[in-house]
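Here is a short tour for anyone who likes to read a fold from its overall outline down to a single element. Have a look at the model first, and then read on.

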Amino acid sequence: SKLIILGLVALCILSCSKSRMKPNATLEERMQEGMRLFEKGDYFDAKTQFRIVTLSHSGSLIADKAQFYTAECHFNMKEYILSASEYERLIKVYPNSEYVDDAKYKLGLSYYKLSPKYSLDQEYTKSSIVHFQEFLEDYHTSDLVPQVEKYLLEARNKLAQKVYASADIYRKMTYYGAAIIYYSKVLEEYYDTEFAPKALFWLGDCNRRQEKFQESLDAFAEFIQKHPNHEWVPRARNKIKQTQREYEKYRRM
C-alpha cells in the first residue's frame, strides 16, 4: 500500500504544472502553496497540493485542513459529487477536526447543488435535507444556522412542490379523492412550506366537490385563521359562502 501511495504522490507531483513546488518540498511548503493557489482561484492545482498532503502525511496536524480544502476545491469547481465525498471523508477520518462543522454544512450544500427541478427524482434533495437537519441538531449555536435554515426550507419547498403538483393534476382531472390525499400529505409533511396554504385551500374545495361540506368549511376557516394575510383570503371567504349555500340546498333535498 505504501508503494501505491508513493505512486499517487509522484503522479500528483508530475501534474503540478502551474505550481512552483519542488519534489522535495516540506509539508508546510506544500500546504502554503496549496493555499496560495486556492486564494488565486486555481482550484485544480491547489487540489493537487492538498492531495499530496493527505496521501503522504495523513497523520499530520494539518492533514484535516488539507482534506477540507481538497473538498473546497471540488466544490468551487462545481464538482459536487466529488466535494460531497471529500467532505464526508473529513467527517469520518477526522471527527475531532475544527473543520467538521463547516464540512457538514458544505456536505448538505453539495447535495443541495445537485438537486434537480422538482418534477425529477429528488434523492439529492432528500440527502441535503438529512445533512442540514443533522447540522442544526449538532451545531444549533453556529453562525451558519440562518444559512442552513434557508437552504433547508428551500429544499423542503421543492419536495412540497412535487407533491402539490401531483395533487393539482388529480384535482384538474376531477379525481378529488386522490387530490385530497396529496393535499393532505403537503399539510402533514411540509406544513412550513409556501405550498401549505394553497394545499389547505384546495383541500377545502375538493371536499366541497365531494359534498363533504363540514370538512370543506373547516378547511376554509382554518385557512383564514392561519393565513390571514394571504392573497387568497377573499377567495376563501367566497368559497365559504358558496359551500354554505350548497350545504343548505343539500340538506333540503
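## Overall picture

Of the 253 residues in the protein, 46% are buried. Please keep in mind that this is a predicted model. The protein has twelve helices and zero strands, and along the sequence the pattern reads α-α-α-α-α-α-α-α-α-α-α-α.

How does the radius of gyration of the protein stand against that of a compact globule of 253 residues? The globule would come in near 18 Å, but the protein has 27 Å. The C-alpha trace spans about 95 × 35 × 30 Å along the principal axes. Among contacts with a separation of 6 or more, 52% join residues 24 or more positions apart. The accessible surface comes to about 14,400 Å², and carbon and sulfur atoms hold 52% of that area.

## A closer look at helix 12

| Group in helix 12 | Residues |
|---|---|
| Buried, under 20% relative accessible area | Val-233, Ala-236, Lys-239, Ile-240, Thr-243 |
| Exposed, over 50% relative accessible area | Pro-234, Arg-245, Lys-249, Arg-252 |

Seen down the axis of helix 12, the buried residues fall within an arc of 110 degrees, so they line one face of the helix. The exposed residues sit on the other side of helix 12. And what do the buried residues of helix 12 pack against? Their partners are helix 10 (196–209) and helix 11 (213–226).

Terms used
Residues numbered from 1 in each chain as written. Predicted model: local features only at pLDDT ≥ 70, side-chain atom pairs only at ≥ 80, totals over all residues. Heavy atoms only, no water. Buried < 20%, exposed > 50% of the residue type's maximum accessible area, 1.4 Å probe, protein only. Helix = DSSP H or I, 4+ residues; strand = E, 2+ residues; numbered from the N terminus. Arc of directions from axis to C-beta. Contact = heavy atoms within 4.5 Å. Rg over C-alpha atoms; globule rule 2.2 N^0.38 Å. Areas by Shrake-Rupley, 256 points an atom, 1.4 Å probe, with all protein chains shown as cover.
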